[in-house]
Amino acid sequence: MNNFFRKAAALVSAGAVALTGVPSVVCTEPSITAFAVDDCNDDWLHAEGSRLYDMNGNEVWLTGANWFGLNCVEGAPHYLWSADCDDLLREVSDRGINVIRFPISTERIVNWMNGESPELSSGGMQATYNPPQDEDDGNGGIIKAGTYGSINKDFVQADGKTRVDELTAFDIILGKLKKYGIKAFIDIHSPHTDNSGHNYNLWYGKAGVTTKVWIDSLVWMADRYKNDDTLLGFDLKNEPHGKGPEGDAAAKWDGSKDENNWAYAATQCAEAILDVNPNALIFVEGVEQSLSGAQAGDYWGIADRKTNSPYIGAWWGGNFRGARDNPIKPKQGTSQIVYSPHDYGPSVWDQEWFHLDKDKSGGAFDTQSLLDEYWYDTWAYINAEDIAPELIGEWGGHMNNAANLKWMALLRDYMIAHHINHTFWCLNTNSGDTGGLWASFSYNLADANDKTNGTTIVWEEDKYAMMEKALWQTASSGKYIGLDHQRPLGINGTGLSLNEFYTSYANTEGSNLDGGKKANGTPVVIDGSGTTTSTTTTVTTTTSTSTTTSTSSSTTSTTTTGPTNDPDYTPGDVNCDGEVNMADAVLVMQSIGNPDKYGKGADDGLTEQGEKNADVDGAPGITNKDALAIQKYKLGLGGPLSDLLSK
C-alpha cells in the first residue's frame, strides 16, 4: 500500500527458536540527546514458536505504524517538509507506538552504499537553524540571531541552511527514535525510487536492480547497523505480487529456484543478512496468488479459467498458502523469521469474503467467516499452529465506511487475542486509499525557540482511538510498553521501558496482549547496571557434584546442575572446543529451534558430551535458560554458570 493515490482496481481479484540477541558490553543508561549513541545493544529480539522474545526470554509485542517517504522522490519521511521531526516522534511515542516501519527503495540504499547520498531536498525536508545569538559564520562574517528560523535544526550543517545528505539524515532519525524509546525496521517498498513504485510486482527489474543487487544492498544495511538495535530488522520486499497468468513477471511461492520464486529469493536474502547480523529480524511478506490444485497439470503461468480457477487470490503480500510446503528456513535456523501478511478491508477493495450474503450489500461477515473464507488458510494458520510469529505489516483504512470500520475492529481484536504483531498503515495523511493517523500540521517559526513543541499536530482522533486498543499497554493503568530495556517509551510518563514493565507490572496487572494474560513464571530483567532482578525471591545454591537445598523465608528450591560423577563435564562448553563463549549459547538455541540440523547426533549439532555440558541453569533438561545463563556469564552478570565455574 502506499504513497499518494494507489489504484484500488489494481489489487487482487479473486519454528521454533534459536539465537538471542546479546549485548557486547554491560549496558549503561544512554543520555537523552538527538544523537544518542547505542551503548546497550541489548534489545534484539528472537522467535520461539509464534511469539517474539527479548534476550532475557520475556515476551514482547510489536505494535506500531508505517511512515513512508524514503521510498519516494522526496528522500525523507513525508511531512518533514512542514513539521519538526522531534515534535512528530515525541507525540508518536507519547501515544504508544513502539515501532515504525519505514518504506524505502533499493535504489536509494544502493546510492548510499556507493557513497552517492545526495543532499536532502527542500521538497523532502524544511530544515533551518535559528542561532539564539550572533554566531561567526567561519568566513569572517556573522550569522545574525534569528536569521533562518528553527525547524529540523539537527538536519542542517554549520552554516544554518545547508541540509545534510540523505544517509546522514536517516542516521539522525534513528538517533531521535532512540531518544523517544521507539524501534524501527525498514521495508523495501520497490526496487526503484518512485511514489507509485509499490505497484511494481517484483524485487528486481527496475533501476538496474537485480536480485543480487537487492541482496547486496540489504546486507550493506545490515552490516552498517549491526551494532544499533534501534533498527530491529528488515522487511525484504513490500507486497510481492502479480497474477498467475503473468508467469515470470509475477511473484510466486513454490519449491523451485526460479528467479521469480519469492520463497527462494527471500531465503537467500535472509541467509545473507543473518551472516552479517544474526540478531536482525527478517520480515517476509506473502504473494498475491497461489495455485489452487483445481485440476491436475495446472502450472504457474497457465491462463485463468472462469470456473474452477487454477489460482487462489489474496491481497498483495497476503498469500502464504505456499509456506505450508515451502516455509522460509535459512541455514541459520528460523529464530529470526517473522511472516508479515498485509490485510485490508472493503474500503480498499470489496473482496468476495466480505459478502456472506452474496447480495453485495456488505457487512454480513464476522471473525469466524473471515477465518473460514480467507484469513486462516491464507495467513492466520501460521500463528494459530505456532509455526512462526506474524506481523501484519499493513492494515487500516478510511473511517467513513461502516463495513470497513467493522472489519478493522474485527482484525484489531483478533490480533490482540492472538498476540499478532502489527504496524498500522499509516501515519501519513497522503495515502489515497486509507488516509492516515495524522490530519494536519502547522509550525510556528516566529517563536519556535520559546516553545517546547513548535509543531501543532492534529490527529485523526477517531482512527487513533480505534487502533490504540491494539497498542501494547498495561491492562488497567494503560501505560504504553516500549521495546527498549532502558529507555521508556515517550517522555511524558505515559510509557514504560521493557525492564519497568517486567519488574513492576507483568505479574500484577499484566498487559492487553492475549486478552489480558499476565506474565508466566518469573520474568528475568537485566537493568542498566548489569544487575539481574526478578519479581519473586528464590535463594538457590548450585554445585556441579551434589544436590543442595536452601530455604528462604518464602521459597524452597532444590537444584541439580549437570551430571554427577562425570569427569568430562565442562559446564557451558556446549560445542566442546575447550572454551565457554557466545558460540555455546548460540548452539543451545539452535539445538532447540532446529533440532534436525543442530540437535543431539546431527552433523552440526550437539554431541553427547555437549548436551551434558549445556545443562547449566540449575534445572533439568536443555532450555533457553541454559543459553541465557551462558550469556550472563560472558557479560559478567553472575548466575548459575558463574557459580559452577568458580568452584
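User: How many aromatic pairs does the count come to?
Analyst: The count comes to 29 aromatic pairs, where rings of Phe, Tyr and Trp (its six-membered ring) pair if their centres lie within 6.5 Å; planes under 30 degrees apart are stacked, over 60 edge-to-face, and the rest tilted. This is a predicted model, with local features needing pLDDT of at least 70 and side-chain atom pairs pLDDT 80 or more, while totals for chains, interfaces and linings use all residues. Residues are numbered from 1 along each chain as its sequence is written, and side-chain values use heavy atoms, without hydrogens and water.

User: What about tryptophan 112 and phenylalanine 170, how are their planes set?
Analyst: Their planes are at 40 degrees with ring centres 5.7 Å apart, so this pair is tilted. Tryptophan 112 is in helix α2 (residues 106-113) and phenylalanine 170 in helix α3 (residues 166-179), so the pair ties together parts 58 residues apart in sequence. Helices here are DSSP runs (H or I, at least four residues) and strands likewise (E, at least two), numbered from the N terminus.

User: Is phenylalanine 170 buried or exposed?
Analyst: Buried, at 2% relative accessible area; the term means under 20%, with exposed over 50% and partly exposed in between (1.4 Å probe, protein chains only). Tryptophan 112 is buried too, at 3%.

User: And which kind of pair do tryptophan 438 and tryptophan 459 make?
Analyst: Edge-to-face, because the planes are at 80 degrees, with centres 6.4 Å apart. Tryptophan 438 is in strand β16 (residues 438-443) and tryptophan 459 in strand β17 (residues 455-459), 21 residues apart.

User: Switching topic: where does arginine 324 lie?
Analyst: Over the face of tyrosine 381, 4.0 Å from the ring centre. The rule asks for NZ of Lys or CZ of Arg within 6 Å of the ring centre and within 35 degrees of the ring normal.
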